[in-house]
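Good morning, colleagues. I would like to take you through the interfaces of one structure, beginning with the contacts between its chains.

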2 protein chains.
Amino acid sequence: MATETIADLGAQPATDRRLSLDEVTALARRILLSNGVSAAQAEPIVRTVTAAERDECRSHGLYRLLTYIRSIRLGQAKGNAEPTLHDDGGALVRVEGYRGFAPLAFDRGRALLVEKARRNGIAALVIRDCHHNSALWAEVEPLAAEDGIAAIAFNPTHSWVAPAGGSRPLFGTNPIAFSWPRPNGEPFVFDFATSAVARGEMELHRRGGRPIPSGWAVDAAGQTTTDAAAGLAGAMLPFGGYKGTGIQIMIELLAGAMIGDAMSYQSSDADAGHGGVPLHGELIIAFDPARFRAGREGDPLADAEGLFERFGAQPGARLPSERRYAARRRTVVEGVLVPRPLHDELVALADAGE
Amino acid sequence: MATETIADLGAQPATDRRLSLDEVTALARRILLSNGVSAAQAEPIVRTVTAAERDECRSHGLYRLLTYIRSIRLGQAKGNAEPTLHDDGGALVRVEGYRGFAPLAFDRGRALLVEKARRNGIAALVIRDCHHNSALWAEVEPLAAEDGIAAIAFNPTHSWVAPAGGSRPLFGTNPIAFSWPRPNGEPFVFDFATSAVARGEMELHRRGGRPIPSGWAVDAAGQTTTDAAAGLAGAMLPFGGYKGTGIQIMIELLAGAMIGDAMSYQSSDADAGHGGVPLHGELIIAFDPARFRAGREGDPLADAEGLFERFGAQPGARLPSERRYAARRRTVVEGVLVPRPLHDELVALADAGE
């Protein structure tokens with residue numbers, strides 16, 4: 001979805017609506033507020049949905065509001081939850097989400113996390129008991145861009161992914177994100193599922209009747225499959241084979257068992273096949289690069305640019321965040337295109353609430 | 001190499017020597033001390049070499065002593081370096097290695113790292129200016145097994161690996177290791193290169209004249225190759241495609257630029273084609289699981305066992321550390337087999353020094 005360009009979409013003017021980013025913001029806000037989401041919960045969601053549209057990460061843009069509202073209507077998420085901030089001493093910050101959404105929980109913990117990272121060199125933010133419909137890059141990128149803090153974030157999801165060599169779902173798609181501040185103001189950021197592909201990509205192939213590449217999933221009997229429906233009924237596979245499995249386990253342990261929230265299989269067990277959205281925690285590790293330079297001259301950020309220069313000189317290699325930044329420069333001027341059926345559905349959702 | 005079993009090797013009694021683990025220890029110690037390595041530097045190397053033989057991780061066992069001694073003879077490593085410990089305040093510990101070997105540097109920092117992890121919940125150990133001939137699992141496993149601390153460790157190496165889509169070496173094989181304490185005393189541990197395979201595996205294929213699988217490397221023209229020599233002359237590839245590239249970049253930034261030590265390309269530049277061993281830093285992040293449980297009942301380690309139980313119930317899935325622990329139970333009783341040519345070379349190395 002994020003690979004479509006404005007030009008591609010521009011070829012179908014009759015079926016798309018062009019919205020300015022301000023209009024995206026206004027529509028998102030109207031949908032959330034009219035459907036019982038508190039202003040406190042709504043505003044950080046509005047911000048992240050707008051940022052996703054701006055960066056042409058459409059799966060986390062306006063489309064995602066359908067999931068937010070559905071999870072409230074099903075009684076899974078609490079649209080007016082009031083997250084609480086806890087200083088757990090030392091380098092630890094914790095936010096209890098009370099089944100609200102992650103963007104507000106993150107906002108509540110952010111300032112103390114940054115303060116503790118600066119004071120201690122390294123610090124961690126634990127978020128518990130939240131619905132994570134937002135993307136992790138939307139959390140770690142501002143830490144780098146605005147606070148000069150490098151960060152790693154990850155979380156479990158539902159058990160959809162088999163271990164390498166296994167055949168049954170046990171791990172989540174467990175995204176991991178990383179950010180590093182750059183002098184040009186556009187941090188290096190990656191954010192990816194530790195499954196071979198995002199679950200949404202599997203769904204798109206199923207709906208489109210397209211075969212999936214070997215290596216994405218196994219069927220219910222544990223056999224490699226190129227049938228998306230069979231793969232969704234079986235188990236997805238990790239990225240990078242047994243190495244990806246190792247990283248998936250690390251995420252389950254640190255951002256599940258360690259922080260006292262659900263591992264992916266527990267999130268799925270709690271859902272008991274109702275098809276609800278995952279409810280779980282998240283772990284963010286924050287680094288103050290300057291603090292790690294003790295005893296040695298030089299600026300970590302300036303030094304890091306040497307790596308990016310050499311990376312940029314390799315034809316064919318692309319930094320993970322480049323496409324998002326390119327889209328951002330475009331959409332701020334041109335606005336974004338929203339498929340007409342999605343736009344109609346969103347307007348109806350806003351009207352229904354009012 | 002680690003996949004050989006005692007039974008396999010036992011079929012070649014004429015060409016192998018069986019050593020008890022005490023004999024491994026004694027031989028390793030004699031080689032190091034007789035070649036000018038100080039007792040302080042030698043003892044932690046002896047311990048890690050013995051642990052690697054015990055776990056049948058032979059590439060980090062006695063064989064690796066050849067590299068240790070060569071790097072001293074070439075004037076790259078300082079066999080009598082005295083690492084210094086620095087409390088950088090907050091949650092940061094630093095050890096300056098002065099071109100010595102990593103095992104002693106790690107030992108010097110360990111107690112303060114553990115103390116800071118317990119006090120702050122999370123802490124970091126920066127190691128600078130060391131030769132890393134040892135495996136990272138040998139550092140993180142004891143943290144979990146003996147101190148109850150979960151840990152992530154990584155480091156750059158030399159620039160051997162191209163970014164996904166690129167064609168020229170830029171990143172190291174950049175190992176990442178993780179440990180998690182388990183009630184049975186055998187921590188969950190993974191430790192792998194973030195290249196598609198370890199560089200030693202490429203070398204083994206080249207020496208054996210065997211083709212390498214597609215996906216391991218590109219030739220000097222950037223084309224996929226199944227020729228190991230062409231791949232070594234070109235560039236290795238990351239594990240997991242662009243996702244693995246993201247993790248490789250993260251390791252370069254955090255354990256290179258951030259901590260004020262060499263990134264892989266700088267380690268290679270400093271070597272200037274002399275074929276020396278990498279000289280660089282390392283970052284270890286330590287977590288006290290109990291501290292992350294603030295405000296919620298239960299024991300993180302007990303909870304985590306639920307994941308391992310379900311993992312163990314999947315035929316075909318294998319925990320990364322299982323094979324090492326199985327070997328350990330066997331070799332403690334039976335000793336280890338050392339190929340005769342290697343044993344002869346090691347004894348000669350010890351004698352030459354005396």
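Helix α9 of chain A, residues 241-258, gives the most to the side of chain A that touches chain B, with 12 residues; helices are DSSP runs (H or I, at least four residues), numbered from the N terminus. That side of chain A divides into 47 nonpolar, 17 polar and 15 charged residues. In this scheme Ala, Val, Leu, Ile, Met, Phe, Trp, Tyr, Cys and Pro count as nonpolar, Asp, Glu, Lys and Arg as charged, and the others, Gly among them, as polar.

A word on conventions. This is a predicted model, in which local features need pLDDT of at least 70 and side-chain atom pairs count only at pLDDT 80 or more, while totals for chains, interfaces and linings use all residues. Residues are numbered from 1 along each chain as its sequence is written, chains are lettered from A and ligands numbered from 1 in the order in which they are written, and side-chain values use heavy atoms, with hydrogens and water left out.

Between the chains, 79 residues of chain A are in contact (heavy atoms within 4.5 Å) with 79 residues of chain B. The two chains bury about 6200 Å² between them, 70% of it from carbon and sulfur atoms; this is the accessible area (1.4 Å probe) that two parts lose on being put together, summed over both. There are 2 salt bridges between the chains, a salt bridge being a side-chain nitrogen of Lys or Arg within 4 Å of a carboxyl oxygen of Asp or Glu. One of them joins Arg296(A) to Glu96(B), with the closest N and O atoms 3.4 Å apart.

Now to the symmetry. Chain A is superposed on chain B by a rotation of 180° with 0.0 Å of shift along its axis, at an RMSD of 0.0 Å, using least squares on the C-alpha atoms of residues with pLDDT of at least 70 in both. The two copies are therefore related as by a two-fold rotation axis. Both copies use the same surface, since 100% of the contact residues of chain A recur in chain B.

Key: Helices (H or I, at least four residues) and strands (E, at least two) are DSSP runs, numbered from the N terminus.
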